[in-house]
Amino acid sequence: MPVLFRSCTVRSAGLDRKADPDFLPPSLWDHVQTIAFLRPFWRADMESYIDERRRRALSMWPESLKLAEKWRAERITAVRPVGDFLRNAFQSMPRLHTIRLRLTNATDISQSTFRGRPRGVSMYVLSAMLSAPQLRHLDVWGYLSHPYDEPLPAHILSPPSIPLESLVYDVGHDDASPQVTGLELSVVSLLLERASATLRILELPSQSTPLHRMHLWTWPMLTKLSLNGERPLYEDGPPLVVALGRMPRLRELSLRFAEPTNTTMISPPIWPSSIKGSYAWPDLERVFLTHPHPDDEFYAHLPPGLQSLSLRCWPRHYKFDPDMGYFTPQSCANWVSSVSWSSEMLYMLRRIDAPRLTILDIEYLVDAHDELLLRHIPSSYPRLQVLRIHRYRQRNGSPIYTEQIADCLRGLTDLRLLMIYLDFDYLPLRDEGYIHDRRAYFMDPSDDPWVDKEYLRYIERLFEALAQEATTLAVALPATLEHICFLIPLREERIQWYPFRIVREEADGGQETEGRFHVQRWEQRYSYDQSLYGFDIVADV
């Protein structure tokens, strides 16, 4: 019994549909450690919510409008006993430490989510979950609120201190700008205010994050901060460094922001030069920043123990190319790309003293400082094991000389994985005569008579050319190199890097023959090379 019912799944819609919830029997409560609520709640309190369109239609019949509003008030009142039941249930589970909400959501806040159910969680249900003093982890996939939810009651989300250690909140829409209501911000603000003292892991959608208020709270235990989505525009808050300065134990920082089109300013620096202060993060190991500002003082204060650094665009810069319209996410219409120049990237990297860096991911547009930038990498970060570069040429730019790039990176004596996008002329994205067809990469041509055979021959020539480029790089780079991956963007595929394995030849005694190797093309059609699973930057996202 204790092991069998340690983790339980509950159908969300059966919980708040009626006064007598479909829930776990009390005999199991002593054993439950993790509860997962699957799919949307029934939202009985939203059964007859009156949106603006319906309100205008009902305004012609005042009596009908009053009746509808009365019905909704009764539904809201009916949910309160469910909240009371759950409050008692959660507080009676001594071993409960994790609650997961797996809600299916629509991007548009006015849409329903799954089989006609409105999105969100009743505030009475959420309050009951958070009332359990033993709860340590809350994991939410889907919106917490609905735009027509009632204003947050003053007593909700009690007690005043919530001892959460991790809060992971994901709305699940990387390619769309989420529409966030004031209530959503209020709910998240209350959660953070009451849990900031104990939180160790915090992952939030950016537009649901009250960045302008985070500096008001202390974060003595926080080790990971991850914010994803469109960069929020707050005019009444201080620079982000003021909030980060209250997170002294931070080990991982990820700010994956897309730049909205409704602003004329470039991405602001985390630490503007006008801010004078003594902020330090001695334990910081991983930093992920998008659209980095070249004059950000934050780079000069990164610790020497930094192990992973990403300075890049999101979405990737090539996804905004008008020649790749079929590949561009719909959200890019609402976002802009501000890729750094080689000179700007060099200026930023020169300010980062991180001799222990093992993973580096940069994205930039070539200018006159390109060679200086490439030579700076091995001289400043000699312990790199993984290097990922997105290098874009200007329109009608000079040809790419792989030998020169390999010579610049020769000093990376510990390099194991090189992932590189060099914007070759012969890539299909640069060839108007061909359109990407994922079947050509992931299916055996003999299995599908509809695959264009001429296109397959073209792809074969492409991979032969890439194998030659991989050989050129492998000759100059050290013997520690195991894989070279070239980016070939594929529509609707998360895995977009094509790997070549560097196979060192062995003598009769089993010892590697110095300087002798061959480049082995990846032949697995449906799964990635097993030896790459140890790296977490395989997908081009």
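Reader: Are Tyr498 and Phe500 buried or exposed?
Author: In this predicted model, local features need pLDDT of at least 70, side-chain atom pairs count only at pLDDT 80 or more, and totals for chains, interfaces and linings use all residues. Residues are numbered from 1 along each chain as its sequence is written, and side-chain values use heavy atoms, with hydrogens and water left out. Buried means under 20% relative accessible area and exposed over 50%, with partly exposed in between (1.4 Å probe, protein chains only). By this rule, both Tyr498 and Phe500 are buried.

Reader: How many aromatic pairs are found in the whole structure?
Author: Rings of Phe, Tyr and Trp (its six-membered ring) pair if their centres lie within 6.5 Å; planes under 30 degrees apart are stacked, over 60 edge-to-face, and the rest tilted. A search of the whole structure gives a total of 16.

Reader: Which kind of pair do Phe486 and Phe500 form?
Author: Phe486 lies in strand β16 (residues 483-487) and Phe500 in strand β17 (residues 497-506), 14 residues apart; strands are DSSP E runs of at least two residues, numbered from the N terminus. Both Phe486 and Phe500 are buried. Their ring centres are 6.1 Å apart and their planes stand at 75°, so the pair is edge-to-face.

Reader: What is the angle between the ring planes of Tyr498 and Phe500?
Author: The ring centres of Tyr498 and Phe500 are 5.6 Å apart. The pair is tilted, with its planes at 50°.

Reader: How far apart in space are Ile270 and Leu289, C-alpha to C-alpha?
Author: Ile270 sits in the loop between β8 (252-260) and β9 (286-290), and counts as buried because its relative accessibility is 9%. Ile270 and Leu289 are 19 residues apart in sequence, and their C-alpha distance is 9.8 Å.

Notes
Helix = DSSP H or I, 4+ residues; strand = E, 2+ residues; numbered from the N terminus.
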